[in-house]
Amino acid sequence: MAATPQKPAAAQKPATATPRRKASRHRGEGQWAAGHFTPLNGNEQFKKDDDGLNVRTRIETIYSKRGFDSIDPNDLRGRMRWWGLYTQRKPGIDGGKTAVLEPEELDDEYFMLRVRIDGGALTTQQLRVVGEISQEFARGTADITDRQNVQYHWIRIEDVPEIWNRLEAVGLSTVTACGDTPRVMIGSPVAGIAEDEIIDGTPALEEMKRRVLGNKAYSNLPRKFKTAISGSPVLDVVHEINDVAFVGVRHPEHGPGFDLWVGGGLSTNPKLGVRLGAWVPLEDVPDVYEGVLSIFRDYGYRRLRNRARLKFLVADWGAEKFRQVLEDEYLKRKLTDGPAPAEPVSRWRDHIGVHRQKDGRFYVGFAPRVGRVDGTTLTKIADVAEAHGSGRVRTTVEQKMIVLDVEESQVESLVESLEALDLSARPSPFRRGTMACTGIEFCKLAIVETKARGALLIDELERRMPEFDEPITINLNGCPNACARIQVADIGLKGQLVLNDEGEQVEGYQVHLGGALGLEAGFGRKVRGLKVTADELPDYVERVLKRFEAEREDGERFASWVTRASEEALQ
């Protein structure tokens, strides 16, 4: 549908947010559509030298046979991401050395491997294979991410071809799970089954995958590209922080369809997505998706990596110009104006608990601890689901899971079986609302520990505040890059090294308070000078939540209280 990278649709002078002092020295932003094809940084050079998708052949025929030391550096720290592979952090390197050491000093000879699970959709057969691979090749590791994927660690390059064979035999893949590519497409985990669904986006998601996965027309983007689609009224795919999102709405004349959002993203320069004011019918979603993706490829900023995400182009152009370029240059037609999404019908968007499906059966959502599971547990979940008549499970963007298609007579038995695996369908607000990124255990960018710290925090808060029953999100991130969405959590914790009372440098967190998505979306408040050591974290969270309980007005959300609370109350 869209133009190839070598022949962009039209030339366009780049727009920049801040004028440069000397326009004569302006080198452009590296936009292909403006004729800037010369590689402008190392990443653009290795992508020009060889398409990232091509590295699979070298992995299968050379690297898996000759071992880690045979891997070309541009493949090791670049193109292998196009097949879901990152080197993991070498054990024993503390957070103070993260930004000091060279990449080769941080690299272990093992990999993280990301399995893409578009829409979070898995059969129990697929889940069992994912669990078996974890047990055989990944030392039991298998984390559920906040983008519905599963991540392995301790993967040897020698084992990658066999892992691919087993995944692909059941319809799964790691293609473009990382890299400057269209990443996993997140979707409502209850698409097509929820009683209250506005529209089922599954047909569009499947067609989007068919068009772009493994397609070299879209395998060299300026940076990663994140996609979301959901017709759920609980707004369950964090649409505001994706590069493109399709959100279920009802048009007063045309009926159910999707509201189009572009330009969201977090990291160190967070921006919420913007509405283009366009209503998109289900059958047109793939064309519109491909158009937005092509705009990013052709007009995206490639000169500087830290300005290469779509959010910077959207910020410079604005919604009106972006929509005009999409319509005039890529779709060749006008889009229909449409309504914004309604407020979410629930303050929780994770589908935890027991819910009736539109066919009269039930789905049951349950909560692992901060997304941390293991291969043995995943295979047991598949067994338990099948024993209760289900052949389908889902992952969510909140690091949770769901068993679908359960007869009413089987629901209570299923819940009890999950509880026996420490997977609660009736979790406390703390277990339900806490998520964590990979952290220093495996991530080369991390400064502090997250997964174990998050699990410990849950246990402490459940012990100290057993009666607390308000929805609360607590997100722990090991570095500033916001993989765990710290800026949009009630309590967001950005890992960094801090000084304790003895003046020693220890693991700790900068605190963001009162962020939110969905209802009154916005970024959290940073209190001046507020940093908490890892050991003090349970005390701090308990203290601020008790102040919230004492000061809140009737029905007031935590995020609303934070906006009016004094700095003293937030300390």
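**Ground rules.** The model is predicted; local features need pLDDT of at least 70, side-chain atom pairs count only at pLDDT 80 or more, and totals for chains, interfaces and linings use all residues. Residues are numbered from 1 along each chain as its sequence is written, and side-chain values use heavy atoms, with hydrogens and water left out. Helices (H or I, at least four residues) and strands (E, at least two) are DSSP runs numbered from the N terminus.

**Helix α15.** I listed its buried residues (under 20% relative accessible area, with over 50% exposed and partly exposed in between; 1.4 Å probe, protein chains only). They are L537, P538, Y540, V541, E542, V544, L545 and F548.

**Strand β13.** I looked up residues 362–366 and found five of five buried. F362, V364 and F366 point one way from β13, while Y363 and G365 point the other way. Two strands pair if DSSP finds at least two bridges between them. β13 runs antiparallel to β12 (residues 353–356), with four bridges; R356 has F362 as its bridge partner. Five residues lie between β12 and β13 in their hairpin, and G360 in the turn has a positive phi of about 95°. β13 is also antiparallel to β16 (residues 401–406), again through four bridges, and F366 stands opposite M401 there.

**Open sheet.** I traced five strands in the order β17-β18-β19-β20-β21, with mixed pairing. β17 (434–436) and β21 (525–533) are the edge strands, each pairing on one side only. The twist averages 25° from one strand to the next. β17 and β18 (residues 474–477) run parallel with three bridges, and M435 stands opposite N475. Helix α14 (residues 451–464) lies across β17, β18 and β20 (505–513), at about 155° to β18. Axes are lines fitted to C-alpha atoms, for helices over the stretch in contact, and angles run from 0 to 180 degrees between N-to-C directions.

**Cores.** I counted a nonpolar core as buried Ala, Val, Leu, Ile, Met, Phe, Trp, Tyr and Cys residues joined through side-chain atoms within 4.5 Å. The largest has 55 residues, and those with the most contacts inside it are I59, M80, F111, Y152 and I155. A second, separate core of 41 residues includes V262, F296, V314 and V325. Leaving out residues up to four places away in sequence, Y152 touches F111, V115, V130 and I133, among others; contact means heavy atoms within 4.5 Å.
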